[in-house]
Amino acid sequence: MTIGAKLSAWLDERTGHKKLLAAVLDEPIPGGARWAYVFGATLALLFVVEAVTGALLATAYAPSVQTAWASVHYITFTMSGGWIVRGLHHFGCDAMIVVLGMHLFQVAAYGAYKRPREVTWWVGILLLAMVLGFAVTGSLLPWDQSGYWARRVETNIAGTVPLVGAWVQGLVMGGSDYGSLTLARFYALHVAVLPASLAGLLALHVALYRKHGNTPPASLTREAARKTEPFFPSQVAKNLLATLLVVAVVFYLTVKHHGAPLDAPADPVSDYPARPEWYLLWMFRLLHVFEGSAGSVAALLVPAVVAGYLVLLPLLDKAPGTAIRPRAIVLGPLVLGAMGILGLTFGSMQSDAADAGYQASRKKADARAEIAVSLARRGVPPGGPLQMLRSDPGLHGEELFTKSCASCHTLGDLGDAKKATAPSLDGWGTTAWLLAMVHDPDGDARFGRTPYKGQMPSADVAPKDRKPDDPPFKPMSKEDMLAVASFLAAQGDAPGDPPGAGRGDEAARKAGEKIVTDRCTGCHLYKGDGDDGDQGLAPELSGYGSLAWVRAQIANPATKATYRPKAVDDGKSKGHMPRFDGDLSPADLDLVARWTRARARGVPLGE
Amino acid sequence: MADAKEPGRRDALRTLIGAGGAALGCAVVVPGLVFVVGPARGSGGGGRWVRTVKLDALREGEPKRVSIVADERDAWTLTKDVELGAAWLVRRGDRVFAWSATCPHLGCAIRAGDGAGEGGFSCPCHASTFAGDGKRGEGPSPRDMDALATKVEEGFVVVDFRKYRTGTPEKVEIG
């Protein structure tokens with residue numbers, strides 16, 4: 001006897017494993033091994049893959065609102081092998097849902113739910129629900145926009161169920177709103193309740209399957225079905241090959257997506273275009289097919305009808321054999337239902353593909369996700385990823401500008417030039433812009449659309465309403481205008497900026513300053529002073545275009561740091577820029593001022 | 001089935017199943033091992049230059065305790081301006097000597113005074129004493145105080161802050 005055989009005999013005497021193994025491997029399959037029988041085993045093996053990768057992910061995932069997204073980001077982008085583990089877990093779940101569908105159809109087509117296998121079938125339906133439960137709870141765990149919004153909409157639909165809806169919703173969410181308890185509850189379901197339940201039910205399912213054996217196809221003659229083949233090796237080989245094929249596809253998807261997608265961190269106040277995962281799109285589509293509250297009813301009722309039909313199928317089927325034709329009527333709804341689900345799913349995808357509004361929001365959401373992922377590589381603050389995003393001037397500055405400024409101003413592709421009632425900020429404060437301003441202040445991109453139209457005279461074009469007895473108009477020379485523009489542009493320069501174009505030399509700027517104090521302070525302030533006894537309306541020119549100036553103007557344009565109160569409050573200037581120090585926090589004011597100044601002048605934001 | 005009874009085919013299938021099973025196992029186990037072992041290896045190289053006090057704030061030969069404040073990265077979390085530890089600085093002319101304020105014995109905080117000789121240090125926990133140059137005096141400490149590199153930048157003393165294992169005669173850095 002070899003050592004291996006000796007050891008095996010020693011162990012067998014104590015455990016009886018040989019008999020057990022033989023019982024498992026020599027199970028006779030009526031009619032022989034078939035590809036049609038591979039789905040159940042494939043699902044069981046995929047579940048093992050999910051369990052192993054899930055346990056691995058749990059060694060690094062931290063389920064809290066502040067850390068969930070950051071830890072998933074860390075797993076995906078920093079830890080070695082993390083992206084593969086997460087990708088296998090994510091796409092392995094998708095694969096399970098697809099294979100579950102195939103398993104269900106194979107069993108239905110072969111009539112394997114018929115007496116005495118009804119309970120096996122029912123346990124299978126429960127397992128199907130559990131796998132969907134895994135998928136739905138799992139996709140919330142990264143606490144990113146896509147999972148967060150999909151679940152939020154679904155729990156809201158659940159909340160519309162009469163009588164128990166609101167209570168169930170509160171129970172699942174752990175309160176009236178999505179938050180720390182929601183995440184903790186979904187995590188507990190995903191890693192404790194569901195795995196334990198599924199493992200138990202799976203054991204029962206397999207035991208029942210083993211008790212009753214395979215159901216050979218009806219087309220097999222009685223004689224052929226009587227011929228059997230042991231489970232090992234033919235069926236085992238087929239099962240393994242099928243599983244390897246599925247795992248290969250899962251690997252392909254993992255590599256293609258470098259792990260699994262990670263959207264921007266969940267943001268409860270964002271305008272995110274919520275969509276459920278692909279396997280729930282058909283229910284989402286129902287919300288659109290049935291308008292209004294009928295949609296919610298349909299989204300609840302149709303799945304309930306589908307589930308009810310699946311449960312009742314073994315009882316409804318009174319046909320004597322497993323041949324398909326006599327069962328056409330009871331199987332009809334299954335085929336029609338599957339076609340309906342496929343149709344609704346593709347309908348939903350197509351409608352989104354053709355929806356320019358959705359595509360635009362999706363693009364915006366993707367851009368935000370990309371920025372968040374890139375920012376988090378440097379680490380996420382203890383306050384969580386939202387704090388990280390909100391303190392990033394590039395991202396949050398633009399969001400604040402879009403929200404607070406772009407309804408009147410335009411800058412780059414933000415704001416609507418047709419509806420603008422304030423100057424365009426493209427190039428604002430640069431030499432070129434200032435030259436255009438002193439030459440033609442009422443241009444469309446400057447005061448032309450504002451209450452200040454007609455208030456500022458051109459430096460080199462005679463006013464149209466000049467009276468004959470007015471002193472003769474003396475246009476400013478091009479050289480002087482350039483001196484003024486270069487002096488004022490330099491007022492806004494910051495030490496970290498790259499050298500700006502058209503700043504001239506020291507002498508030119510000195511000349512510009514002299515012209516400003518001689519000719520502009522009739523209306524403008526310069527270093528807090530004007531020479532009109534404070535009669536003018538025009539703004540402060542010292543520090544024009546600097547961060548301090550921009551911030552002051554946004555916070556409150558009527559503090560004399562920029563404009564004077566009467567330039568903002570008097571009747572003539574109605575529609576002047578409002579103050580934002582009530583709407584925006586000091587930190588947000590800093591951010592939007594930094595962002596606007598940098599974007600307008602075309603300089604980097606800096607640290 | 002007649003085919004399955006052929007021993008050749010059965011053996012071939014057996015081998016195929018073994019190979020396939022191994023492939024499936026490896027597909028999960030290999031990335032899993034890489035994933036779990038990765039963080040355990042540690043990133044190493046915990047040293048970093050941290051700006052402390054102005055050189056002018058140090059008086060010749062008089063030990064001064066300074067906090068080491070810098071950004072701390074713990075896995076995904078980046079915390080700004082965290083107090084990572086403390087160091088003792090002693091100025092001698094234009095040079096500044098620095099030692100970790102963590103006792104090499106069992107990690108208590110070393111204080112100035114009661115040391116071995118003038119300007120020395122001592123540990124309040126187990127009464128180890130050190131000389132003004134960090135050399136071990138009396139008591140259980142297995143080694144001298146852990147010296148840290150310093151340089152002066154823009155008038156500030158900058159310390160290369162590192163942490164070392166306690167309780168060992170050798171100075172072993174913790175990653």
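Chain B and chain A bury about 2700 Å² between them, 77% of it on carbon and sulfur atoms; buried area is the accessible area (1.4 Å probe) that two parts lose on being put together, summed over both. This is a predicted model, where local features need pLDDT of at least 70, side-chain atom pairs count only at pLDDT 80 or more, and totals for chains, interfaces and linings use all residues. Residues are numbered from 1 along each chain as its sequence is written, chains are lettered from A, and side-chain values use heavy atoms, leaving out hydrogens and water.

**The interface of chains A and B**

- On the chain B side, 26 residues are in contact with 41 residues of chain A (contact means heavy atoms within 4.5 Å).

**Helix pair α3(A) and α5(A)**

- Helix α3 (residues 38-58) and helix α5 (residues 82-109) of chain A pack at an angle of about 160°, with their axes 9 Å apart.
- α3(A) and α5(A) are therefore roughly antiparallel to each other (angles over 145 degrees).

**Helix pair α17(A) and α23(A)**

- Helix α17 (residues 393-405) and helix α23 (residues 586-601) of chain A pack at about 95°, with axes 8 Å apart.
- α17(A) and α23(A) are therefore roughly perpendicular to each other (65 to 115 degrees).
- Among the residues making this contact are A:Phe401 and A:Leu400 of α17(A), along with A:Trp595 and A:Arg599 of α23(A).

Note on methods:
Axes fitted to C-alpha atoms, helices over the stretch in contact; angles between N-to-C directions. Helix = DSSP H or I, 4+ residues; strand = E, 2+ residues; numbered from the N terminus. Parallel < 35°, antiparallel > 145°, perpendicular 65-115°, else oblique.
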